[in-house]
Amino acid sequence: MLDINRIRDQFPITRQRFEVTGAPEPRPLIYMDHGASTHPPRAVLETYKDFLEKSYANVHRGHHYLSEMATNRFEDVTEDILRFIGGEGERNTVILCGNTTQALDLGAHVMAGRPGPTLVSLMEHHSNDLPHRARGPVLHFGVHDDGTLDYDDLETKLREHEVKAVAVTGASNVSGYLPDIHRIARLAHDHGARIIVDGAQLLAHAPIDVRSDDDPGHIDFFAGAGHKAYAPFGSSFLFGPRDLLDEAPPYIPSGGTVVYVTEDEAYYKRSPDRHQGGTPNIAGAVAFAAALRFLEHVGMDEVRSHELVLVERAMDGLKKLEGVRVLGHPSPAKRIGAVALEIEGVPHELAATILNREAAIAVRNGCFCAHPYLHRLLRLENTAELRQRLVAGEDVDLPGAVRPSFGIFNTEDEVDEMVRMIGVIRDRAWKGDYGEIAGAAACKEL
Ligand code: PLP
């Protein structure tokens with residue numbers, strides 16, 4: 001079992017306190033916005049600082065001690081990432097980028113030259129949908145009303161179209177739902193397609209194994225980012241097959257990516273350098289690798305078990321609150337710790353504000369950059385008028401949800417406090433006056 005006190009000791013942010021309405025003393029922060037971004041534990045911060053203080057220089061080009069030290073550390077990052085995700089380095093490689101959005105965009109870029117549509121799930125964050133739309137035809141495969149994927153629809157579309165790639169999330173940032181990525185990979189491979197997995201939410205929440213290329217359920221492309229895995233220093237990666245990466249034109253055709261340039265021609269390096277134009281975020285990548293080692297040290301099975309306890313407790317508590325609806329599948333075992341919910345009659349921005357100002361509970365609210373999925377989960381029938389008003393630049397209250405999302409240092413007591421506060425909001429029993437927030441006054445009178 002995960003030693004929660006030792007873990008919390010590693011995260012100074014857990015000792016942060018804030019003034020809240022109606023309480024004489026500042027209250028300890030309850031950070032439940034891990035789905036948006038995470039904090040670095042001490043070990044990762046120290047690695048970052050130590051590297052900058054003692055070993056930093058530009059990589060690959062120097063013949064001095066610092067450059068050699070930095071280059072070695074930078075090259076080790078790839079090994080750490082490959083080990084963490086179970087990736088095989090001979091036929092695959094890792095391209096370092098800035099965030100998940102960029103890593104996924106690179107994936108779409110690499111597949112752009114291949115014929116056929118990309119089949120994108122309707123569960124995706126826009127980052128794993130719009131880049132494919134920008135590079136060619138896209139088809140979508142469906143989700144059921146309970147927020148799970150429609151595998152039959154996926155299979156039908158794979159049969160009916162010559163799909164080049166299936167794009168799917170490793171875990172939904174809205175419902176926390178965990179698609180069976182290996183089943184999807186097998187289906188994709190059976191039909192000659194590749195699979196691109198958005199691992200933003202999965203990376204730090206459950207064990208990952210992209211598997212050997214010889215396994216029909218292996219993952220071709222996998223994207224992940226440090227800021228969602230306890231290393232918010234601007235580093236991310238795309239894991240992918242060397243042959244496809246080398247066949248694609250360089251993502252950033254510029255310095256560092258070339259072998260030789262004449263006045264008329266440029267000869268580009270092989271991957272990963274081919275796609276990594278300019279000086280990389282060296283210290284960020286070193287810190288990212290330290291975070292992965294930190295997670296390995298804790299144990300990803302332990303991380304997953306701990307999170308499951310938190311999700312079970314949250315869903316159990318929330319389901320007892322009439323008027324509160326958790327979006328997505330009811331089984332905690334099918335989810336990571338992202339629990340989007342709606343409170344009948346209470347606007348999401350108001351609920352999130354009250355959680356913050358009256359209990360120092362940090363959650364996210366809104367649409368979570370996954371409009372099609374969220375609107376389906378919210379059972380919105382007709383969004384045409386809303387779209388028209390938004391596109392016309394009107395100030396519209398967007399439908400949305402409130403999303404607590406758990407991480408490694410959250411406790412069961414924190415979950416109980418979050419559930420209690422959701423009950424307070426449901427009962428309109430908050431203390432402050434939030435007249436400035438959309439719908440607040442009307443809401444309190446109900
Ligand atoms: N994909 C998913 C599932 C996400 O949750 C997010 C961000 O929340 C992204 C992609 C985009 O990530 P980034 O902010 O690292 O670009």
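Which residues does S67 touch, not counting residues up to four places away in sequence? They are A57, N58, V59, H60, R61 and G62, where contact means heavy atoms within 4.5 Å. S67 has its place in helix α3 (residues 65-85); helices are DSSP runs of H or I with at least four residues, and strands are runs of E with at least two, numbered from the N terminus. S67 counts as buried because its relative accessibility is 1%, and buried means under 20% relative accessible area (1.4 Å probe, protein chains only).

This is a predicted model, in which local features need pLDDT of at least 70 and side-chain atom pairs count only at pLDDT 80 or more, while totals for chains, interfaces and linings use all residues. Residues are numbered from 1 along each chain as its sequence is written, and side-chain values use heavy atoms, with hydrogens and water left out.

The protein has 15 helices and 17 strands. Of its 446 residues, 54% are buried. Among contacts between residues at least 6 apart in sequence, 72% join residues at least 24 apart. Its C-alpha atoms fill a box of roughly 75 × 55 × 45 Å along the principal axes.

The ligand is surrounded by 13 residues, each with a heavy atom within 4 Å of it.

| Residue | Distance to a ligand oxygen atom |
|---|---|
| T100 | 2.7 Å |
| Q201 | 2.7 Å |
| K228 | 2.7 Å |

The protein covers 88% of the 390 Å² of accessible area that the ligand has on its own, by the Shrake-Rupley method with a 1.4 Å probe.

Note on methods:
Buried means under 20% relative accessible area, exposed over 50%, partly exposed in between (1.4 Å probe, protein chains only). A polar contact is a pair of N or O atoms within 3.5 Å; within protein, one must be able to donate a hydrogen and the other to accept it, and residues adjacent in sequence count only if both atoms are side-chain atoms.
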